[in-house]
Amino acid sequence: MKIAILGFGTVGSGVYEIAKTLKNIEVKKVLEKDLSKINIATNNYDEIINDKEIELVVECMGGLHPAYEFIMKALQNKKSVVSANKAVIAKYLDEFLKTAKENNVEFRFEASVGGGIPCLAGIQKIHRIENIDKFYGIFNGTSNFILDNMYRFENEFVTSLKTAQKLGYAEADPSADIDGYDVTNKVIISFALAYDGFIKNEFPCFTMKNITKEDILYFKKQGFVAKYIGEATTKGNKYEASVMLNLFPINALEANVLSNYNIVTVQSHTMGEVKFYGQGAGKLPTANAIIQDILDIQEKISFNPISIEKKYTYSPNLFKHKYVIRTNEKLKGDFEKLDKDGNNLYHYTKEITQVDLLKLVEENYYLVVKLSEY
């Protein structure tokens, strides 16, 4: 199969590197502004679209535009597309799948969630047999590196963030990772495969940047480790989802996921809990997942046909959970426990709904942490 790669950065070059080792995949063109990067580079996308030999396009550009336009143009010209771009997939998945079906080609996106971890394939395999009760996990390596660094080395948030940036785990603008946009996108994509529905980012997403060294040390004394978690579940045609810090007991698997690693858990009736662990990003792990999609398309392998026709409504009243809210002053309300540590007040709620939680934390500078049930 002859393919084209859009973008020759970290992931694009990784795809090229692995493809070179395989006899049944040939990279014919690479879309790249810098033509000196590789001898098969072109800066004219029409060269790729008009090349009848190119059957598949790998989109590694990132961002919404022109990635959206390039993906749509490839599908409309009867070329399958494989993408790792969670931002564009979370926003336009319905359009991509519809256009792919109309043109009898494939749109695959395993690498968009969990990098090289085959968690989306796992979700599809479980879902073809039974309903999925819920999924949750550490979906972002940057946020996990920061929290792990704060916990193990007792560093401040800013110090840990700078270390992550120095090592290349965090961007110069880290907002997508620390404010939860990246995890939100991954929850939306995972939800599509778990529940056959396409939801929007209307569920709560709490930033993790309010957590301090003092919070980490306080929770450590209580026997907890903070992790940044995305999760979703359904009840009938309603769903609940969130992106927020969770507290795990120190012996929980999630509490012991170190550095920039990810772990995603899928829960169902006959399988119980299945956990997918590994590197959630990086050049070769992500490229490996892309190559797996290419081979599946080439060999016509499908774990479960993707359908996102079911309609779900977000409901903040579906389930009740316990939370910890840290402030500098006492909040009004009936709390299970109020703990003081230095200048910080830690309010432990009773089991409340998301709508009740949102009423309590109108001020966005509060630290909001869920007491994990897992």
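**Terms and values in a predicted model**

Me: What makes lysine 220 a charge that sits over the ring of tyrosine 151?

Reply: The charged end of lysine 220 is placed 4.4 Å from the centre of the tyrosine 151 ring. The term requires NZ of Lys or CZ of Arg within 6 Å of the ring centre and within 35 degrees of the ring normal. The distance of 4.4 Å lies within the 6 Å limit, so the description applies to lysine 220. Lysine 337 is likewise found over the face of tyrosine 348, at 4.4 Å from the ring centre.

Me: What kind of model is this, and how are its residues and atoms treated?

Reply: It is a predicted model, in which local features need pLDDT of at least 70 and side-chain atom pairs count only at pLDDT 80 or more, while totals for chains, interfaces and linings use all residues. Residues are numbered from 1 along each chain as its sequence is written, and side-chain values use heavy atoms, leaving out hydrogens and water.

Me: Why is the pair of tyrosine 239 and tyrosine 314 called tilted, rather than stacked or edge-to-face?

Reply: Rings of Phe, Tyr and Trp (its six-membered ring) pair if their centres lie within 6.5 Å; planes under 30 degrees apart are stacked, over 60 edge-to-face, and the rest tilted. Here the centres are 5.6 Å apart and the planes make 55°, so the pair is tilted. The two residues are 75 residues apart, with tyrosine 239 in strand β9 and tyrosine 314 in strand β12 (residues 313–314). Both tyrosines are buried. Ring pairs also join them into a cluster with Phe135, Phe139, Phe191, Tyr195, Phe203 and Tyr312.

Me: Why does lysine 186 count as buried?

Reply: Buried means under 20% relative accessible area, exposed over 50%, and partly exposed in between (1.4 Å probe, protein chains only). Lysine 186 has 5% relative accessibility, so it counts as buried. This residue is found in helix α9 (residues 181–195). Its contacts (heavy atoms within 4.5 Å) are Lys86, Ser112, Val113, Phe139 and Asn140, not counting residues up to four places away in sequence. An unreviewed UniProt entry lists Lys186 for "active site"; such annotations may be inferred rather than shown by experiment.

Me: Is serine 143 buried or exposed, and which residues does it touch?

Reply: The relative accessible area of serine 143 is 1%, so this residue is buried. Serine 143 belongs to helix α6 (residues 141–153) and touches Asp177, Met208 and Tyr228, again not counting residues up to four places away in sequence.

Me: How do you know that β5 and β6 pair?

Reply: Two strands pair if DSSP finds at least two bridges between them; helices (H or I, at least four residues) and strands (E, at least two) are DSSP runs, numbered from the N terminus. Two bridges join β5 (residues 80–83) to β6, so the two strands pair, and they run parallel. Valine 82 has arginine 108 in β6 as its bridge partner.

Me: What is the strand order of the open sheet, and which strands are at its edges?

Reply: The six strands follow the order β3-β2-β1-β4-β5-β6, with parallel pairing. The edges are β3 (41–42) and β6 (107–108), each of which pairs on one side only. Helix α1 (residues 10–19) packs on the sheet, touching β1 (2–6), β2 (26–31) and β4 (54–59).

Terms used: Axes fitted to C-alpha atoms, helices over the stretch in contact; angles between N-to-C directions.
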